Amino acid sequence: GEIDAFFPALDVLIEKDKAATEPMYIKEDFAFTRTGDPEIKSIKELEGKKVGITAGYPYVKELTTNPNITIEVGPDDVANIQKLSKGRIDVFVVEEKTGLKALEQSAVGNVTYPKGSPLSQQKVYIAFQANETGKVQAEKFSKALQEMQQDGTFGKIMSAAK
């Protein structure tokens, strides 16, 4: 009850009622592995493995609460890519764009991922208070976002953010 809205909002981050805009984009997480290891395309395939995730990122509960997956939290994406490359973790779960950026920054050559086969997808939106004012604001923001998507403004903003 202390803020009117926040972004990025994902269902995994919000346990109480909210008024939400239409999704702005879909966050897709992928399983990065060492080249030559089997590609992983489902959370079930992570069972029995040591899986790196990055502190502060929202992951689906099917991953974070599975007792058959050993989770190792790293400080940042580059550190996780390096741990994966050296065999200190079996898999690194990360959003595609940030994973590819970390791969580039780490300059390792033995890491890959199954492009086009995300482990999970989460809707990302702006969350408002679950009251009448919040509902009105969510509707207004959704309408403005739709207009920005139609005229190309939203695409330009998202491209600049990558």
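Biologist: Which strands each supply at least two residues of the lining of the second largest pocket?

Modeller: A pocket is an open set of points on a 1 Å grid over the protein atoms alone, where a 1.4 Å probe fits and protein lies on both sides within 12 Å along at least five of seven lines; lining residues have an atom within 4 Å of a point. Strands are DSSP runs of E of at least two residues, helices are runs of H or I of at least four, and both are numbered from the N terminus. The lining here has 14 residues, with Gly1, Ile3, Phe6, Lys16 and Gln129 nearest the pocket's centre. The strands you want are β1 (5-9) and β8 (120-128).

Biologist: What pLDDT do local features need?

Modeller: Residues are numbered from 1 along each chain as its sequence is written, and side-chain values use heavy atoms, with hydrogens and water left out. This is a predicted model: totals for chains, interfaces and linings use all residues, side-chain atom pairs count only at pLDDT 80 or more, and local features need pLDDT of at least 70.

Biologist: How much space lies in the second largest pocket?

Modeller: Grid points are joined across faces, edges and corners, and the volume is the space filled by probe spheres set on them. For this pocket that comes to about 220 Å³.

Biologist: Is Thr21 buried or exposed?

Modeller: Thr21 lies in the loop between β2 (19-20) and β3 (25-34). Beyond its neighbours within four places in sequence, Thr21 is in contact (heavy atoms within 4.5 Å) with Tyr125, Ile126, Phe128, Ala138, Phe141, Ser142 and Leu145. The cut-offs are under 20% relative accessible area for buried and over 50% for exposed, with partly exposed in between (1.4 Å probe, protein chains only). At 5% relative accessibility, Thr21 is buried.

Biologist: Which backbone nitrogen lies 3.0 Å from a polar atom of the side chain of Thr21?

Modeller: The partner is also among the residues in contact with Thr21. The nitrogen in question is that of Ile126.

Biologist: Why is β4 (50-54) said to be largely enclosed by the rest of the structure?

Modeller: Strands pair if DSSP finds at least two bridges between them. In the parallel sense, β4 pairs with β5 (residues 70-74) over 5 bridges and with β6 (91-95) over 2; Gly52 has Glu72 as its partner in β5 and stands opposite Phe92 in β6. β4 is largely enclosed because the number of its 5 residues that are buried is 4.

Biologist: How many residues of helix α2 are buried?

Modeller: At the start of α2, a side-chain oxygen of Asp76 reaches to within 3.1 Å of the backbone nitrogen of Val78, and after the helix comes Gly87, with a positive phi near 85 degrees. Cover for the buried residues includes β3, β4, β5, β6, α3 (96-106) and β7 (111-112). Of the 9 residues in α2 (residues 77-85), the buried ones number 7.

Methods
Polar contact = N/O pair within 3.5 Å; in protein donor to acceptor, adjacent residues only side chain to side chain.
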